[in-house]
Amino acid sequence: MSLTCVAGLGVSGTAVARVLAGRGERVVVVEAAEGERQLAAAAELARLGVETRFGEMVLPEGVTRLVTTGWAPHHPLIAAALAAGVEVVGEVELAWRLRPAQAAPWLALTGTNGKTTAVRMLTSILLAAGQKAVAVGNVGVPVVRAVAEPYDVLAVELSSFQLHWSGTLAPHAAAVLNVAPDHIDWHGSMEEYTAAKGRVYERAGTVIFNADDPEATRLAAPYPGAVGFTLRVPERGEIGVVEDLLVDRAFVTDPVEGAEELATLDDVRPFAPHNVANALAAAALARSLGVPSEAVARGLRDFVPDPHRLSHVDRVGEVDYIDDSKATNPHAAAAALASYSSIVWVAGGQLKGADVDDLVRQAAPRLRGAVLLGADRVTIAEAIARHAPDVPVVDIADRDTGVMERVVTEAARLASPGDTVLLSPAGASLDMFAGYPARGEAFARAVRELRLRRERDR
């Protein structure tokens, strides 16, 4: 009997091992960390006959397939498997191969930013249309677990890591939201990162792309009949915006003369240009499956945004405080900065090699001040000095648990009535926090403390 090695005891790795063991296959999991969570997962899998090997990541003898949940090709375990001629597949690719007969269609979506918001909008639209649907993939629910359930359709969020290890996916429709520099350390180059994103189109039934994004447009160019979405008035074969309406000129009976209203801008929450683009992508994917326009509008209205994505925390002293901690790269931060007119910017963290000059150059007219923290704050400070030299900058070198209170205090000092204090870091959070949610929560707590101090001082 063949032997499958599963890389890691994360959520997806554990799900893969459980599914394969349930099919009677031989499975061994390798895991470097021997923490409480990993030991509990290993004990659960042991009852299913799955062996877990802790410690050094060594390829088990006799393995014929390695399933990875997003590890880079240069990881020693992956490199050893490739050198030995062992097939390496991702969890998403495995899920595609394990689909049962009459499997639910996949509506797949990728991009540098906005994936989770767009796929959750899509799920809300599908549910409003009466479909039994679920958001899976990079959004949190392992695809390998969902394919065995009786869903009508799967809304699949795909990262570049997952697409790298996926060779045979053929979704009913696939969309690319945008492509900007990110994860270059994983892929090795921007070209490889972009190519990974483009793999979502290779076998898709309908190709959907952001016509306002140059790289997404380039990736879709080889596919005749590709459907663009745009913040402009849509041309034939596009979905776009006409005054305050989201309008379909692609999935209609007569795309030359006809058009159909899908929703209004007021249906998109939180309202921001990039969120309208997310809504258009979700609408296009749903329309490819024949979802009626009424369900698009109702689904967008029913959608509840996830935390830490342009979340309004509070208004203190006529200044709005916005938590956009999910903006973990410059492209995401640029979208947030473009949504407000007068900003005290809270930024910093791990830039992962990304350049911030274009980000700062474009945002410069909107900046009233900046408070910087985290590992790569100096890089952002240098960009501000080059492109916005008159903008006051506060450098917070502290790294203790109370740092965000000092950050918010300094931001409040720089802000004037009518300004927005925007936490949109442009970098990852793991240099100082357990993740972007923890960073956002620390910001929100600090804003609440600011309000209490102001009220006590009255």
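**Entry 1: the second largest pocket.** I began with the second largest pocket, which holds about 200 Å³ of space. My note on the term: on a 1 Å grid over the protein atoms alone, a pocket is an open set of points with protein on both sides within 12 Å along at least five of seven lines, a cavity is a set where a 1.4 Å probe fits but cannot get out, and lining residues have an atom within 4 Å of a point. A volume is the space filled by probe spheres set on the points, which are joined across faces, edges and corners.

I found 14 residues in the lining of this pocket, and Thr401, Gly402, Met404, Ala442 and Arg445 lie nearest its centre. Helix 17 gives the most to this lining, with five residues. Helix 16 (403-414) and helix 17 (436-457) each supply at least two residues. Helices are DSSP runs of H or I with at least four residues, strands are runs of E with at least two, and both are numbered from the N terminus. Sorted by class, this lining has seven nonpolar, two polar and five charged residues. Here Ala, Val, Leu, Ile, Met, Phe, Trp, Tyr, Cys and Pro count as nonpolar, Asp, Glu, Lys and Arg as charged, and the others, Gly among them, as polar.

**Entry 2: where the model comes from.** I reminded myself that this is a predicted model, where local features need pLDDT of at least 70, side-chain atom pairs count only at pLDDT 80 or more, and totals for chains, interfaces and linings use all residues. Residues are numbered from 1 along each chain as its sequence is written, and side-chain values use heavy atoms, with hydrogens and water left out.

**Entry 3: the cavities.** How many cavities of 30 Å³ or more does the structure hold? I noted two. The largest has a volume of about 70 Å³, and its lining includes Trp106, Leu158 and Arg203. That lining has seven nonpolar, one polar and three charged residues. The second largest cavity has a volume of about 30 Å³, with Gly348, Met432 and Arg439 among its lining residues. Its lining has three nonpolar, four polar and two charged residues.

**Entry 4: threonine 14.** I finished with threonine 14, in helix 1 (residues 11-22). Is threonine 14 buried or exposed? Its relative accessible area is 8%, so threonine 14 is buried (under 20%, with exposed over 50% and partly exposed in between, using a 1.4 Å probe and protein chains only).
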